[in-house]
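I open the notebook here and go through the model by topic: accessibility, salt bridges, surface charge, helices and backbone.

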Amino acid sequence: MEKDIVKFALRLRGYLMDEKSELLRKRKEKIESLRSMGVELYPNDVRVTATTKSVIDRFGDMDNEDLKEIEEKFALAGRLMAIRNFGKAAFVNIQDRDGRIQGYIARDKVGRDIYAIFKKFDVGDIVFISGNLLKTRTGELTVDADEIRLLSKSVRPLPEKWHGLTDVEARYRQRHIDLIMNPAVKEVFYTRSRIIKLIRDFMQGRDFLEVETPMMQPMAGGAVARPFKTYHNTLDMDLYLRIAPELYLKRLIVGGLERVFEINRNFRNEGISTFHNPEFTMMEFYQAYATYEDLMVMTEEMITFVAMEIFGSLKFDYQGTEIDLHRPWQRLTVKEAVLKYSDVTPDVLEDRTKAAQYAISIDLPVEDDEPLGKIIVAIFEEVAEDSLIQPTFITSYPVEVSPLSRKSTDNSGFTDRFELHIYGKELANAFSELNDPEDQRNRFAMQLKEREAGDKEAHEMDEDYIGALEYGMPPTAGEGIGIDRLVMLFTDSPSIRDVILFPHMRAKAK
């Protein structure tokens, strides 16, 4: 049975390939025919005066009698998405950046020569159309064409209209086709652009200065992650694609730019999943004379501001679950979250041996010299993280996993840090910054030992950054917000690949 299925699949694939080859052959024949008729296949001399949406918004509610009174002609351009021929006339659907509109092409109106050329147009071609407006018997607003021109000949056929581009991997690899065939995809990226603009407006409205810092850095710092490495020929030195802009932004705080932010691309040489892409976008910001508690309030204000602009509400559905952003949001320490969402008892989190035994019992690997703080965080990620559906600030992370965070005044083993979790995923990471250069040197030294022990993500010693701190950095709080994950949340997208135009993919099998 399985062999029969494989044989059928191979025959079907062969048939589809043959069919595609035949369609390509026919299109190339049309191209040669159009050339022989003196038609320019790729002109660039038209002027578009309207979009489909602007026309529909203005005139969509008018009846045919009112439309006849409008003398204005409308010039539009877009991709042919459908052609319905009726001998001496045809209806077409034209799609531009705003939507679709119907066009009516009559031989008697555009002329026999132009109509003969139009008959060689294909779905997928880019065309120009101009004319007055009318309503069909079915009430559809239509451009009554007095001119139609070819602007760009489509050699390759689009996917069949009744199937579209549904294969997920094909959609990501051929985003250009995905955007043509799936209008909802285009809306995701319009929303993404709007979200970034809203965040930028929010930050600038609070006197933050937008800056740009290096994407190639002599040392990969500002986060615990594995970098991509490159080489600069002229400088004769290794460089790293940044894993975070943090250490450069904090240099700006030292320099007196007391409120800075950057909407930036980061690169981490890590795994790929529905929530991870090696290249991703963050908004990172720093505010002098603020604490991580101030940033919790600011984060609530920022995300609720964006939500109200996008939804007009603080409640919305994500993957079938209602998310409620009404403030205040839940706040739990790492330990409190573990105790709330698991069967762990408090004594386990106070004793390394007990914590290690519990971690092993739930199939977490534990190194012989792994400190208690790291084990606690590993347990948290395993037993509690997925339960944090509604917005929750997780605070008091151990020093061992927070090399750039200020130690808590109440407990030096923990830091003034939080992560924001929604729908079981981290959306933001923030802390009161470590501005004591001696303490920072000791943290880097601790990270170096872990690096020497084989942890390729551990932070290196950054003498230049320590030197900057020695000039004095004011008390400061900083935060990074994952833009891609926020867009996922606000567009109900299940995968990060749905909100990145060109996500990284494995090479195609040859």
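Predicted model: local features only at pLDDT ≥ 70, side-chain atom pairs only at ≥ 80, totals over all residues.

**Salt bridges**

I started with E350, for which I read a relative accessible area of 54%. E350 is therefore exposed, the cut-off being over 50%. I then looked for its partner and found K335, with the two side chains meeting in a salt bridge at 2.8 Å, N to O. K335 sits in helix α11 (residues 334-340) and E350 in the loop between α11 and α12 (352-361), so the bridge ties together parts that are 15 residues apart in sequence. Is K335 buried or exposed? I find K335 buried, at 18% relative accessible area.

Next I took the pair E65 and K68, whose side chains form a salt bridge of 3.7 Å, N to O. Both residues belong to helix α3 and are three residues apart, which is about one turn of the helix. K68 is exposed, with a relative accessibility of 56%.

I also looked up D238, which forms a salt bridge with K229; their closest N and O atoms are 3.4 Å apart. D238 is partly exposed at 36% relative accessibility, and K229 is exposed at 55%.

Some salt bridges join up: I noted a network that links R27, K30, D122, D125 and K153. How many salt bridges are there in the whole structure? My search of the whole structure gave 34.

**Surface charge**

I looked for charge on the surface and found a patch of negative charge where D63, D66, E69 and E71 gather. I placed E71 in the loop between α3 (64-68) and β1 (74-85). E71 counts as exposed, at 73% relative accessibility.

In helix α9 (residues 246-254) I listed the buried residues as E246, L247, L249, K250, R251 and I253. What covers the buried residues of α9? The cover includes β10 (259-267), β11 (279-288), β17, α15 (463-469) and β18 (476-482). After α9 comes G256, with a positive phi near 105°.

I then turned to α16 and found it mostly covered, with nine of its nine residues buried. Among the buried residues of α16 are the charged D484 and R485, and also I483, L486, V487, M488, L489, F490 and T491. Just after α16, D492 takes a positive phi.

**Backbone**

I came back to D492 and read its phi as about 55°, although D492 is not a glycine. D492 belongs to the segment after α16 (483-491). At a relative accessible area of 37%, D492 is partly exposed.

Y423 has a positive phi near 55° and is likewise a residue other than glycine. I located Y423 in the loop between β16 (417-422) and β17 (425-432). Y423 is partly exposed, with a relative accessible area of 26%.

Which peptide bond did I log as cis? I logged the bond from R327 to P328, with omega near 0°. P328 is in the loop between β13 (321-324) and β14 (330-333).

How values were computed:
Residues numbered from 1 in each chain as written. Heavy atoms only, no water. Helix = DSSP H or I, 4+ residues; strand = E, 2+ residues; numbered from the N terminus. Buried < 20%, exposed > 50% of the residue type's maximum accessible area, 1.4 Å probe, protein only. Contact = heavy atoms within 4.5 Å. Patch = residues over 30% accessible without salt bridge, like charges linked within 9 Å, V, L, I, M, F, W, Y side chains within 5 Å. Areas by Shrake-Rupley, 256 points an atom, 1.4 Å probe, with all protein chains shown as cover. Salt bridge = Lys/Arg side-chain N within 4 Å of Asp/Glu carboxyl O. Charge placed at Lys NZ, Arg CZ, Asp CG, Glu CD.
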